[in-house]
Amino acid sequence: MARIKGIDLPNNKRIEIALTYIYGIGRSLATRICNDANVNVNTKAKDLTQEELVRIRDEVNKYTTEGDLRREINMNIKTKMEINSYQGTRHKKGLPVRGQRTNRNARTRKGRGKVVANKKK
C-alpha cells in the first residue's frame, strides 16, 4: 500500500484518483503531479514501483497539503475573526460566509431548526 504524507492511498484506484485522497490535492493537481513525476496517470497505485513512488512524493512535497494546509486555513479564518471583517463576523455567528441566503436554507451552517412554542393558532 502506497503511503504519501501520512495517507494510505487505495491500491485498486488509478494513481490520479488515489492522490486526491490527500487533503489539498484535487484532480487537476493530481494530474499535474503525475505528469511532472513522469508517471502514467492510468497506473494503479498497487502497480507503482518504488522509484515512481519516490518521484511522486518529491512532487507532492512541493505543494502545501494535509496538516500545513489545514493549519494555514484555520489561521486565515481566525485572522478574519480578530479583525472583525464581514466574513469573520459570519464565522463567529455560525452563518454562511459567502453571501448565501439564510431565511429558508443554510441548515449546514445554522444547525437543526429551533422549535418555536405556541406557534399554532
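Predicted model: local features only at pLDDT ≥ 70, side-chain atom pairs only at ≥ 80, totals over all residues.

Residues are numbered from 1 along each chain as its sequence is written, and side-chain values use heavy atoms, with hydrogens and water left out.

**The core**

Let's begin with the largest nonpolar core, which has 20 residues. A nonpolar core here is a set of buried Ala, Val, Leu, Ile, Met, Phe, Trp, Tyr and Cys residues joined through side-chain atoms within 4.5 Å. "Buried" stands for under 20% relative accessible area, "exposed" for over 50%, and "partly exposed" for anything in between (1.4 Å probe, protein chains only). The residues with the most contacts inside this core are I4, L9, I15, L19, I25 and I56. Helix 1 (15-18), helix 2 (27-36) and helix 3 (50-60) are the elements that give two or more residues to it. Helix 2 provides the largest share, four residues. In case you wonder how the elements got their numbers, helices (H or I, at least four residues) and strands (E, at least two) are DSSP runs, numbered from the N terminus.

What does L19 touch, leaving aside its neighbours within four places in sequence? Its partners are I4, L9, I25, A30, I33, C34, I56 and V60. Contact, by the way, means heavy atoms within 4.5 Å.

Next, look at helix 4 (residues 66-82) and helix 5 (residues 86-93), whose axes come within 7 Å and cross at roughly 100°. Axes are lines fitted to C-alpha atoms, for helices over the stretch in contact, and angles run from 0 to 180 degrees between N-to-C directions. Angles under 35 degrees count as roughly parallel, over 145 as roughly antiparallel, 65 to 115 as roughly perpendicular and the rest as oblique. Helix 4 and helix 5 are therefore roughly perpendicular to each other. On the helix 4 side, I77, K80 and M81 make the contact, while helix 5 brings Q87, G88, H91 and K92.

Between helix 4 and helix 5 there is a loop that holds N84. N84 has a positive phi of about 55° although it is not a glycine. Most residues other than glycine have a negative phi.

Is E66 buried or exposed? This residue of helix 4 is buried, with a relative accessible area of 13%. A polar atom of its side chain lies 2.8 Å from the backbone nitrogen of Y23. Apart from residues up to four places away in sequence, E66 touches K5, I7, Y21, I22 and Y23.

K5 sits in the loop between strand 1 (3-4) and strand 2. Like any residue at 33% relative accessible area, K5 counts as partly exposed. K5 is no glycine, yet its phi is positive, at about 55°.

**K13, T43 and D8**

K13 belongs to the loop between strand 2 (7-8) and helix 1, and T43 to the loop between helix 2 and helix 3. Setting aside residues within four places in sequence, K13 is in contact with A18, Y21, T43, K44 and A45.

D8, in strand 2, is partly exposed, with a relative accessible area of 38%. The side chains of D8 and R3 are joined by a polar contact of 2.6 Å. A polar contact is a pair of N or O atoms within 3.5 Å; within protein, one must be able to donate a hydrogen and the other to accept it, and residues adjacent in sequence count only if both atoms are side-chain atoms.

Here are some C-alpha distances to check on your screen.

| Pair | Apart in sequence | C-alpha to C-alpha |
|---|---|---|
| K13 and T43 | 30 residues | 8.4 Å |
| G99 and Q87 | 12 residues | 9.4 Å |
| D8 and Y21 | 13 residues | 8.4 Å |

One name in the table is new: G99 lies in the loop between helix 5 and helix 6 (107-110), and G99 is exposed, with a relative accessible area of 66%.
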